[in-house]
Amino acid sequence: MNREPLIRVDNVSFSYQVTQSTTIPVLQNVSLQVFPGEYLAVVGHNGSGKSTLSKHLNGILTPSAGDVLVRGMNTKDVSLRREIRQCVGMVFQHPDNQIVGTIVEDDVAFGLENIGVPHEEMKARVDHALEAVNMSAFRKRPPHHLSGGQKQRIAIACMIAMAPECLVLDEATSMIDSYGRRDIHAVIDRLHAQGMTIVTVTHHMSEVVKADRVIVMDKGRIEMQGSPRNIFKHHDRLKQLHLDIPEAGKLAIGVHERYPPFAPHLISIEEFIDEVNRVQFPRTEVSK
Ligand SMILES: Nc1ncnc2c1ncn2[C@@H]1O[C@H](COP(=O)(O)OP(=O)(O)O)[C@@H](O)[C@H]1O
Ligand SMILES: [Mg+2]
């Protein structure tokens, strides 16, 4: 691949300093590149370091060793931090940490104000972002009175308004019900189709399956990376890592074990149906 990466994570190790004398090592020699326009999914068991890694992608955390470069800008350089955050936006799992305004629309406008977006444009961007997450009716409400899922919608709206080149979503829709999540992901897919780079940390298979590339984390290291199809082939290894595979994959393995011509490594229901139609199942006599 000849493209320049948007983000380079080079040999990064990171420890949390919990007291003056105690540190908790989390990331260990993590290297990874995120290319412009990519859709990257990050999966891993709880505590494997996904959130810690995500926070490195726009300098919320900086490496204890190694470097993170965003468009060549080192996240350790404090003078570049603003530009880095404009390039890589992040939505956390716990939206309370991101809410700053006293009413919803101020919250969504906050980042735009900070970067000096003119008033008229700001208004248009806030309107558009609130509409995208279906929260226009809540624009005058105090965010602290909203449910967890509604706060997550607002946190996503903040980033839609900012329109970063790359959006990092760290379990950003975990409190939204499955229908709502589907709508929000349709919005994110549209942003991706328009060229936005997406990095999503998720437990939801529907998101992992559509990624260009999947990163599997375990104990602060990258355990595997590859296309969803190549990753989900390793179902035994994934099981050891306490990770799931898509339902269609489980079904396909079950059928394959009973009837080997049926392909085992399928990742979607559509593929499963195609395989059912392709395979000539032996006819069995049905006794009357
Ligand atoms: N602020 C913190 N202070 C100390 N330890 C932390 C902090 N945040 C996370 N950790 C520890 O770092 C490890 C990785 O956490 P995290 O990056 O949140 O993993 P994940 O997002 O995959 O669940 C865990 O052992 C967790 O307890
Ligand atoms: Mg996490």
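Trainee: Is Gly89 buried or exposed?
Mentor: Gly89 counts as buried, at 1% relative accessibility. Buried means under 20% relative accessible area, exposed over 50%, and partly exposed in between, with a 1.4 Å probe and protein chains only.
Trainee: Before we go on, what conventions apply to this model?
Mentor: This is a predicted model, in which local features need pLDDT of at least 70 and side-chain atom pairs count only at pLDDT 80 or more, while totals for chains, interfaces and linings use all residues. Residues are numbered from 1 along each chain as its sequence is written, chains are lettered from A and ligands numbered from 1 in the order in which they are written, and side-chain values use heavy atoms, with hydrogens and water left out.
Trainee: Where is Gly89 placed?
Mentor: Gly89 is in strand β6. Helices (H or I, at least four residues) and strands (E, at least two) are DSSP runs, numbered from the N terminus.
Trainee: Which residues is Gly89 in contact with, leaving aside neighbours within four places in sequence?
Mentor: They are Asn58, Met159, Pro164, Cys166, Leu167 and Val168. Contact means heavy atoms within 4.5 Å.
Trainee: Which lining residues are the closest to the centre of the largest pocket?
Mentor: Of the 26 residues in that lining, Arg85, Phe110, Gly111, Met159 and Met162 are the closest to the centre.
Trainee: And which element gives the most to the lining of the largest pocket?
Mentor: That is α3, with five residues. At least two residues each come from α2 (81-87), β6 (88-91), α3 (104-114) and α5 (148-162).
Trainee: How do the lining residues of the largest pocket divide by class?
Mentor: There are 15 nonpolar, seven polar and four charged residues. Here Ala, Val, Leu, Ile, Met, Phe, Trp, Tyr, Cys and Pro count as nonpolar, Asp, Glu, Lys and Arg as charged, and the others, Gly among them, as polar.
Trainee: What about the second largest pocket?
Mentor: The second largest pocket holds about 190 Å³ of space. Its lining has two nonpolar, four polar and five charged residues, and α6 gives the most, with six. Among the lining residues are Arg181, Arg182, Asp189, Glu207 and Lys210.
Trainee: Back to α3. Which of its residues are buried?
Mentor: In α3, the buried residues are Val104, Glu105, Asp107, Val108, Ala109, Gly111 and Leu112. They pack against α4 (119-132) and α5.
Trainee: Which residues touch the most other members of the largest nonpolar core?
Mentor: Val91, Val108, Leu130, Ile154, Ile160, Val216 and Leu238 do, in a core of 51 residues. The largest share of this core, nine residues, comes from α5. A nonpolar core is a set of buried Ala, Val, Leu, Ile, Met, Phe, Trp, Tyr and Cys residues joined through side-chain atoms within 4.5 Å.
Trainee: What does Leu130 contact beyond its neighbours within four places in sequence?
Mentor: Its contacts include Val104, Val108, Met135, Ile154 and Ala157.
Trainee: Now aromatics: how many aromatic pairs are there?
Mentor: The count comes to four. Rings of Phe, Tyr and Trp (its six-membered ring) pair if their centres lie within 6.5 Å; planes under 30 degrees apart count as stacked, over 60 as edge-to-face and the rest as tilted. Tyr259 and Phe281 form a tilted pair, 5.4 Å centre to centre with 35° between the planes.
Trainee: Why does that pair tie together separate parts of the sequence?
Mentor: Tyr259 lies in the loop between α10 (247-258) and α11 (269-278) and Phe281 in the segment after α11, so the pair ties together parts that are 22 residues apart in sequence. Tyr259, Phe262, Phe272 and Phe281 form one aromatic cluster.
Trainee: One last topic: what is the phi of Ala163?
Mentor: Ala163 has a positive phi of about 45°, although it is not a glycine. Ala163 lies in the loop between α5 and β7 (166-170), and counts as partly exposed at 45% relative accessibility.

Technical notes
1 Å grid on protein atoms, 1.4 Å probe; cavity = no way out; pocket = protein on both sides within 12 Å on 5 of 7 lines; lining within 4 Å. Points joined across faces, edges and corners; volume = space filled by probe spheres on them.
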